[in-house]
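Please open the model in your viewer and keep the selection panel at hand. The stops below each name what to select and then say what is there.

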Amino acid sequence: WHLDIEDFIDLRKNTGDDRRRTHDMNTSHWIPDLFMKRVISDEHWTLFSPDEVSDLHDSYGRTFEKKYLEYEEKARNGEIKRHKVVSASKLWKKMLSMLYETGHPWITFKDPSNIRSPQDHCGVIHSSNLCTEITLNTSTEEIAVCNLGSINLTRHIINGKLDPDLVEKTVRTGVRMLDNVIDLNFYPTKEAKNSNMRHRPIGLGIMGFQDALFKLDIIFNSPEAVEFSDRSMELISYYAILASSEIAREKGAYESYKGSKWDRNIFPVDTLNILEEERGMKIDINRTETLDWAPVRMQVKQFGMRNSNVMAMAPTATISTIAGCFPTIEPIYKNIYVKANISGEFTVVNAYLVYDLKKLGLWNQDMLD
């Protein structure tokens with residue numbers, strides 16, 4: 001809603017006046033739900049000078065909507081000096097076009113980040129980390145830090161099935177390792193250390209999702225893939241939360257646990273209902289549980305949590321290459337391609353295709369070419 005958003009969108013553009021560009025800066029949009037509602041209904045959107053609407057920065061959900069509508073009314077009545085009315089859908093198209101052209105600014109959503117945050121009692125979240133895997137609280141005393149790790153899902157497909165016992169073992173180990181890193185880490189600033197010691201956030205994610213689908217012979221855009229995604233993530237979620245609570249029983253809950261969503265017995269899956277209520281719109285997500293969550297809820301109620309945040313979108317672009325699997329939940333976009341980063345060039349081949357071609361007697365130099 002900032003007046004200069006149209007200039008901001010162009011910051012990473014490769015053409016135009018170079019004095020108005022920031023080629024090495026990572027930019028992102030912090031988008032309220034109200035903007036997306038306006039885009040859907042093709043309505044107008046008002047841009048303000050932030051010094052005249054400063055409390056919008058610290059509000060979200062229905063509170064933000066109420067204040068925003070009041071400011072729009074004031075702008076119409078001439079009570080606000082600097083404002084501009086634009087088409088929400090045209091602004092959205094410009095944001096998407098620039099994202100497509102330059103990879104920036106990234107798209108991040110302000111309201112679900114705050115409404116679903118387990119740490120909503122610790123203030124407002126104003127941004128995400130660099131690659132938008134996590135959204136944590138920051139303040140003058142705290143710089144958000146998060147230790148991320150990911151589970152290679154393909155290594156858990158045994159004899160054509162996801163092995164729940166192996167998933168449990170890996171998740172429990174992963175959560176403990178990430179929690180240990182918090183204490184063993186080097187912190188360049190005292191604010192970073194304050195934040196980590198107080199909230200102890202960790203982020204366990206996945207990679208090799210496409211590999212797992214290849215092994216299970218499931219088509220990526222099928223209902224079976226959605227079902228597998230739901231089931232596998234519920235399993236990881238179940239044991240990650242349980243593991244963090246078990247470490248809390250041993251070592252104590254994290255410092256700011258009191259008053260958190262965990263303390264109020266609100267689990268991540270429960271926050272979808274809260275988000276639905278705040279938005280005033282139906283969220284069409286299946287919330288069926290295939291596991292018995294009662295023991296996990298009981299454990300958390302009794303011992304609390306060791307970590308404020310437990311799961312995240314894992315940044316797997318480089319580590320997946322090292323681990324020999326496809327990044328995060330993304331489908332492979334070519335069967336053979338070269339990827340380059342600061343470490344050099346990597347040739348990535350769809351080994352599952354090669355395996356099937358060999359089985360059919362079709363793997364030869366011509367096929368490779």
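Predicted model: local features only at pLDDT ≥ 70, side-chain atom pairs only at ≥ 80, totals over all residues.

Within α8 itself, which spans residues 209-216, the buried residues are Phe209, Gln210, Asp211, Ala212 and Leu213. Step just past the end of α8 to Asp217, where the backbone takes a positive phi of about 60 degrees.

Stay in this region and turn to the aromatic rings, of which the structure holds 17 pairs. Select Phe209 and Phe220: their ring centres are 6.1 Å apart and their planes stand at 85 degrees, so this pair is edge-to-face. Phe209 belongs to helix α8, whereas Phe220 lies in the loop between α8 and α9, and the two partners are 11 residues apart.

Next, select Tyr238 and Trp293, an edge-to-face aromatic pair with 5.0 Å from centre to centre and 70 degrees between the planes. Because Tyr238 lies in helix α9 and Trp293 in the loop between α10 (271-279) and α11 (294-303), this pair ties together parts that are 55 residues apart in sequence. Both Tyr238 and Trp293 are buried.

Now display the nonpolar side chains. In soluble globular proteins, such side chains tend to be buried together. The largest nonpolar core has 39 residues, and those that touch the most other members are Leu153, Val171, Val175, Phe228, Ile241, Trp262 and Met305. Two or more residues of this core come from each of α6 (164-184), β8, α8, α9 and α11, and α9 gives the most, with 11 residues. To look at one member, select Val171 and, leaving aside residues up to four places away in sequence, find its contacts with Ile151, Leu204, Ile236, Tyr239 and Ala240. Apart from this core lies another one, of 24 residues, among which are Ile31, Leu47, Ala88 and Leu91.

For the next stop, select the aromatic cluster formed by Trp1, Phe35, Trp45, Phe48, Phe64, Tyr68, Tyr71 and Trp92. Lys90 lies in helix α4, residues 88-102, and counts as exposed because its relative accessibility is 61%.

Finish at Ser256, in the loop between α9 and α10. Which residues does Ser256 touch, not counting those up to four places away in sequence? Its contacts are Gln119, His121, Cys122, Arg198 and His199. Although Ser256 is found in a loop, Ser256 has a relative accessibility of 5% and so counts as buried.

Technical notes. Residues numbered from 1 in each chain as written. Heavy atoms only, no water. Buried < 20%, exposed > 50% of the residue type's maximum accessible area, 1.4 Å probe, protein only. Helix = DSSP H or I, 4+ residues; strand = E, 2+ residues; numbered from the N terminus. Phe/Tyr/Trp six-rings, centres within 6.5 Å; stacked < 30°, edge-to-face > 60°. Contact = heavy atoms within 4.5 Å. Core = buried A, V, L, I, M, F, W, Y, C linked by side-chain atoms within 4.5 Å.
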